[in-house]
Amino acid sequence: MEMIRLQSVGILFFALTATVLAKEYLSQKPDFIHPCKTTDPGFKKCFAKDFQVIFVQYKDGIPGLKNFGSIDPLHVKRVKVAEDGNGPVSINIELTNMEVHGFSKTIVTDANFDPKKLITRLKFALPEVKIISDYTVNGRVLTLPLNGHGQTRMEIKNLEIDVICKLKRRDEGGVIFSDIDKVIIPNLKVNGFHIEMDNLFNGNVALEQSAHTLFNENWRDFYETLRPSITETIRTVMEDRYKKVFAFVPARYYIEDFQ
């Protein structure tokens, strides 16, 4: 569904389908969403809980909302990374048919809403994210040349994400929505990263094991190369999902005094 192509300095191309018909919306509030009042002392805790239930209750999709897809696993069609610099890692890698597992375990550690600027700020913590994907790679890590294709498995430990959602108000026949205009990820922190690539050297198992040892002992260098694409993948998919959710769910279901 999602297609993302990146260089180390930015995005070359991405395309999403995020269309929701304007007159379609969730006509009855689910019991697991609790309207929060901005003037209440417990607003931030209440608001954080409402965001967190999206990852849990809607992990398999939203009834009545077409083209939302699952959150866990999350499916990404393609990610392409091109890093041709002079650092320890110089790599071109294309990941296809990605499955990303772990987002249903998301913990929203902080949430705030600015009613004047229509900006929501969030902090997410994910204990573990697992990615399974087909890959094609060429380049080098340190002095080791890379050239292969097959399946790769990645594990990201203790992922911390800061998210800013810029909103825009929409009135549909008296029903108010807080549509997502843009999602920004100013900070993404990882506390552990592990990768394995099958068939990295055309079946040379000994060399493949040596490469995995090299990758994972120097995981910070390897991850830093992939970080822009991982960040942009998360941002783009999150923007897509949130645009669909908040164009479908009336704003006052979760912010009682939304104006």
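How many cavities of 30 Å³ or more does a search of the whole structure find? In this predicted model, the search finds three.

The largest cavity holds about 310 Å³ of space. Its lining is made up of 25 residues, and those closest to the centre of the cavity are L74, V100, F103, T233 and I234. Several elements contribute to this lining: the helices α1 and α3 (219–248), together with the strands β3 (74–83), β4 (89–101), β6 (119–141) and β7 (144–172), supply at least two residues each. Among the contributors, α3 gives the most, with nine residues. Sorted by class, the lining of the largest cavity consists of 22 nonpolar residues, two polar residues and one charged residue.

The second largest cavity has a volume of about 100 Å³. The largest share comes from α1, which provides five residues. The residues that line the second largest cavity are F32, I33, F47, D50, F51, V53, I54, Y58, V245, F246, V249 and Y254. By class, 11 of these lining residues are nonpolar, none is polar and one is charged. Both α1 and α3 are also among the elements that supply at least two residues to the lining of the largest cavity.

A search of the whole structure finds one disulfide. This bond joins C36 to C46, with an S to S distance of 2.0 Å. The angle about the S-S bond is -80°, and the link of C36 and C46 is left-handed.

C46, at 23% relative accessibility, counts as partly exposed. A further cysteine, C165, has a relative accessible area of 1% and is therefore buried.

Terms used: Residues numbered from 1 in each chain as written. Predicted model: local features only at pLDDT ≥ 70, side-chain atom pairs only at ≥ 80, totals over all residues. Heavy atoms only, no water. Disulfide = S-S within 2.5 Å. Buried < 20%, exposed > 50% of the residue type's maximum accessible area, 1.4 Å probe, protein only. 1 Å grid on protein atoms, 1.4 Å probe; cavity = no way out; pocket = protein on both sides within 12 Å on 5 of 7 lines; lining within 4 Å. Points joined across faces, edges and corners; volume = space filled by probe spheres on them. Helix = DSSP H or I, 4+ residues; strand = E, 2+ residues; numbered from the N terminus. Nonpolar A, V, L, I, M, F, W, Y, C, P; charged D, E, K, R; others polar.
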